Amino acid sequence: MPDLLVCGANDSRQLPLGDDAATADDVLTLAPAVMPGIAIAHVAFGSSHTLFLDTGGVVFTLGANHNGQCGVSSPDLIESPRRLDSLAMSFTVAMIAAGGSHSAVVTTDGELATFGANDVGQCGLGADASLDVRKPRFVKIPGATAVHQVACGDQHKLILDCSARVLSCGQGR
């Protein structure tokens with residue numbers, strides 16, 4: 001597995017740099033990520049948070065969590081990679097995506113779970129859902145087959161199901 005290298009803004013500690021470099025606000029050159037014992041398969045970056053998917057289908061999160069975009073109730077800032085236990089105990093994740101302040105995962109069974117900011121419906125949970133979804137919630141998609149892929153924009157999501165239908169939620173839906 002190749003090394004993960006990171007660079008860019010780090011104002012919310014969204015880059016896994018380890019204790020020595022974790023206070024740097026901006027990383028201007030490629031730096032090795034510090035995630036001991038975790039083999040990373042995929043990475044997704046939101047505005048100020050990061051999702052990591054390991055080779056075993058387990059999700060780790062890091063960075064700003066003011067809207068629950070890291071998938072945990074608290075704290076508002078996650079400074080070292082945290083395993084998303086609410087999913088890891090029962091599901092294997094095949095895909096991750098991150099938007100402005102919201103996130104999504106697709107399980108190997110084709111289920112979609114979303115979390116984070118939901119002020120314009122970007123989590124796809126319906127009109128009665130809270131404005132901040134602080135733990136992963138599975139999205140019920142009427143008539144949809146399994147979800148194949150998800151992509152997150154700043155305030156919206158696009159969902160591709162296994163019947164090649166594209167669905168959307170959030171701003172501009």
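Q: What makes the listed residues, leaving out those up to four places away in sequence, contacts of Val59?
A: Contact requires heavy atoms within 4.5 Å. In this predicted model, Val59 touches Leu51, Phe52, Leu53, Arg82, Arg83, Leu84, Val93, Ile96 and Val105 on that basis.

Q: Which residues touch the most other members of the largest nonpolar core?
A: Leu51, Val59, Val93, Ile96, Val105, Leu112 and Val150 do, in a core of 29 residues. Strands β4, β7, β8 (102–107), β9 and β11 (147–152) each supply at least two residues of this core. The largest share, 5 residues, comes from β7. Apart from this core lies another, of 6 residues, including Ile40, Phe52, Val58 and Leu62.

Q: Why is strand β5 (residues 59–64) called largely enclosed by the rest of the structure?
A: Buried means under 20% relative accessible area. Of the 6 residues of β5, 6 are buried, so the strand is largely enclosed by the rest of the structure.

Q: What makes β4 (residues 49–54) and β5 a pair?
A: Pairing needs at least two bridges. β4 and β5 have 5, in the antiparallel sense. Phe52 stands opposite Phe60 in β5. The two strands form a hairpin with 4 residues between them, and Gly57 in the turn has a positive phi of about 85°.

Q: How do you know that β5 pairs with β6 (residues 77–83)?
A: The requirement is at least two bridges, and β5 and β6 have 4, again antiparallel. Here Phe60 stands opposite Arg83 in β6.

Q: Why are β7 (93–98) and β10 (132–138) said to stand at the edges?
A: The open sheet of 4 strands runs β7-β8-β9-β10, with antiparallel pairing. Strands β7 and β10 each have a single partner strand, so one side of each is left without a neighbour in the sheet. The twist averages 10° from one strand to the next.

Q: What makes β9 (residues 112–117) a partner of β10?
A: At least two bridges are needed; β9 and β10 have 4, in the antiparallel sense. Gly116 stands opposite Val133 in β10.

Q: Why is Gln171 called partly exposed?
A: The class lies between the 20% and 50% cut-offs. Gln171 has 48% relative accessibility, so it counts as partly exposed. Gln171 sits in the segment after β13 (166–170). Leaving aside neighbours within four places in sequence, Gln171 is in contact with Val120, Gln155 and His156. The C-alpha atoms of Gln171 and Val59 are separated by 26 Å, and the two residues are 112 apart along the chain.

Q: How do you know that Cys7 is in no disulfide?
A: A disulfide needs sulfur atoms within 2.5 Å. The nearest cysteine sulfur to that of Cys7 belongs to Cys70, 19 Å away. Cys7 counts as partly exposed, at 43% relative accessibility.

Q: What is the distance from the sulfur of Cys70 to the closest cysteine sulfur, and why does it rule out a bond?
A: The closest sulfur, in Cys123, is 13 Å away, too far for a bond. The disulfide count comes to 0. Cys70 is buried, with a relative accessible area of 0%.

Q: What makes Arg13 and Asp25 a salt bridge?
A: The limit is 4 Å from side-chain nitrogen to carboxyl oxygen. Arg13 and Asp25 come to 3.1 Å, N to O. Arg13 lies in the loop between β1 (5–9) and α1 (18–21), and Asp25 in the loop between α1 and β2 (26–32), so the pair ties together parts 12 residues apart in sequence. Arg13 is buried at 14%, whereas Asp25 is partly exposed at 42%.

Q: Why is the Arg134–Asp76 pair said to link distant parts of the chain?
A: Arg134 is in strand β10 and Asp76 in the loop between β5 and β6, 58 residues apart. Their side chains meet in a salt bridge at 3.1 Å, N to O. Arg134 is partly exposed at 22%, and Asp76 is partly exposed at 38%.

Q: How do you know that Asp161 is buried?
A: The cut-off is under 20%, and Asp161 has a relative accessible area of 2%, so it is buried. Asp161 meets Arg165 in a salt bridge of 2.9 Å, N to O. Arg165 is partly exposed at 33%. The whole structure holds 4 salt bridges.

Definitions and conventions:
Residues are numbered from 1 along each chain as its sequence is written. This is a predicted model: local features need pLDDT of at least 70, side-chain atom pairs count only at pLDDT 80 or more; totals for chains, interfaces and linings use all residues. Side-chain values use heavy atoms; hydrogens and water are left out. Axes are lines fitted to C-alpha atoms, for helices over the stretch in contact, and angles run from 0 to 180 degrees between N-to-C directions. Buried means under 20% relative accessible area, exposed over 50%, partly exposed in between (1.4 Å probe, protein chains only). A nonpolar core is a set of buried Ala, Val, Leu, Ile, Met, Phe, Trp, Tyr and Cys residues joined through side-chain atoms within 4.5 Å.
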